[in-house]
Amino acid sequence: MASSFHFFSLIFFSLLFLSPSQAKGKNSFHPHALLLPVQKDPSTLLYTTQLNQRTPQVSENLTLDLGGQFLWVDCEKGYSFTSYRRARCSKNRRELFPENTVISAATSGELGSDVVLIQSTDGTNPGRVVSVPHFLFVCGPTFLLKGLPSGVKGMAGLGRTKISLPSQFSSHFSFNKTFAICLTASGTGVIFFGPGPYDFLQNTDASTNLIYTPLLLNPTSTAAAYSKPEPSSDYFIGVTSIKINLTTVPNIDASLLAINREGNGGTKISTVTPYTVLQTSIYNAVTKFFKNQLSGIPTVRAVAPFGLCFNSTNIGSTRVGAAVPEIDLVLQNETVYWRIFGANSMAQVSDEVLCLAFVDGGVNPRTSIVIGGYQLEEICCRFYSSTTYRPAQCLSSQCSVAGAVICGKCFSGPARPGCSNNTCELFAENTVTDAYNIGDLGSDVVSKISTVTPYTVLQTSIYNAVTGFFRNQLSGVPTVAAVAPFRLCFNSTNLGSTRLGPGVPAIDLVMQNETVYWTIVGANSMVQVGDEVLCLGFVDGGSNPRTSIVIGGYQIEDNLLQFDLVHQGWVHLISTV
């Protein structure tokens, strides 16, 4: 998969807000992750964050836009700060289109850069403030602030572009383009940039208990203005059906749930839409079925923007909100679904009135289902994008090897990442249930074995995770100055010796399951670079390498590798140490 989306329910969680401290020095410190605080504006029901920008430093209040293309701020009243730089682009290529996605208004703006300061974290505790000296953003006019919360100066875009906040932070600090948004109705929520953990006051790591579903790429821009054809920066997911009280809602046109050739239809997630919006026929089917499930509860006059309201004195209360039937957005199969409990499905509009918090979006909306902010509250959503996935093209050697005979059927279902009418396809089958469907043939790089790479090379986020954990396991052994190309070295006089090399923790590369693994003992994991210096023999390969893990020659030494190219291409490993 080119990218994926995960969510973890945190009903009634309390969130630790980490306030920023003064930035110290330059970015010699390498942060594990970053965070921004998020608050809900009660008048507009939108979400705001604060980003420290400029020299001298100014704290900018910004509206959070999950699908926004980039950061834009109001510069019309002047932007004369010593650290601001206009972007140096070729003629007629410096303008972008800042958009107020709340009112669907856009205009031209100038691309520039300035210093940005942001709080770091290890996922549990606050860290120092770090800076990005040349953070790209767009200057927009004052009129684009119409409809946004009072006091905000622009919008912070987290969308699927190269200059969104997640893209720029991941590029500058060399971690995966992963981020998580955790919204709350009251108090302070948070955005995490970078890998987990995402720890909360109950000592719950949200990153360890996630439901996974692929992100879909809408091939057509959903922006109000753009200069050339480009994919949408919004985050789409593949809702295939809707269930209420575990029963599928009938009379929903499945074609509306797919993204068509023009980029219409499908389901996206939005922080600038207060409540989930459904295309009219879907809305009617859902509200009718929901009302039938609560046939014993009297309805009352609807309160805008809702169309179905109940007398709340007849509805009980549970740990997860109002005692109403759960609504399931069924995703890639029947076992994967986004369950919406009463806390997120019902809005209390008065003391005795509860309304179903879904809105009729009209007969022909651009997107059939827009999951709004209210349905995102008290859950944590993580978004991850891969840079290495590649679709297999028709008539390519990959198609021939795989035996693919179908071509150009991408739009028979929801649009998939990188898929086009030149993509070859196979049938994916669940052999347990005998169910099958068409799927795109693609490739992604994970690990390879190399005799021309001296030491094992790891993608930066993997390298940081491995070295951090390894160092913690040897917390009693003093580290010394690193010796290139290594970055983690120890005083070897404090390490014992075994017949398998230095007395350090074994490193296991787990294969197809937990019982199959490649154990790297001290003889292959540690390199003696001086009389008293041993270094972990792994190298940082950068944030976007072609291959995430390259097992190098040093880790192969004194091991016998047998490559069986007949029986499905197995490699057999026998240690000779």
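1. The torsion about the S-S bond of C309 and C355 is about 100°, so this disulfide is right-handed. The pair joins distant parts of the chain, since C309 sits in strand β22 (residues 309–311) and C355 in strand β28 (residues 353–356), 46 residues apart. The two sulfur atoms lie 2.0 Å apart, which meets the rule used here, namely that a disulfide is a pair of cysteine sulfur atoms within 2.5 Å. For a reader new to the term, a disulfide is a covalent bond between the sulfur atoms of two cysteines.

2. Before going further, please keep in mind that this is a predicted model, in which local features need pLDDT of at least 70 and side-chain atom pairs count only at pLDDT 80 or more, while totals for chains, interfaces and linings use all residues. Residues are numbered from 1 along each chain as its sequence is written, and side-chain values use heavy atoms, with hydrogens and water left out.

3. The strands named in this note, like helices, are DSSP runs numbered from the N terminus, with at least two residues (E) for a strand and at least four (H or I) for a helix. As for accessibility, C309 is buried and so is C355, where buried means under 20% relative accessible area, exposed means over 50%, and partly exposed lies in between, computed with a 1.4 Å probe on protein chains only.

4. A further pair to examine is C489 and C535, whose sulfur atoms are 1.9 Å apart and form a disulfide. This pair also links distant parts of the chain, with C489 in strand β40 (residues 489–491) and C535 in strand β46 (residues 533–536), 46 residues apart. With 100° about the S-S bond, the link of C489 and C535 is right-handed. C489 counts as buried because its relative accessibility is 1%, and C535 is likewise buried, with a relative accessible area of 0%.

5. C182 and C380 form a disulfide as well, with their sulfur atoms 2.2 Å apart. Here the distant parts of the chain that are linked lie 198 residues apart, C182 being in strand β13 (residues 178–182) and C380 in strand β31 (residues 379–385). C182 is buried at 0% relative accessibility, and C380 is buried with a relative accessible area of 2%.
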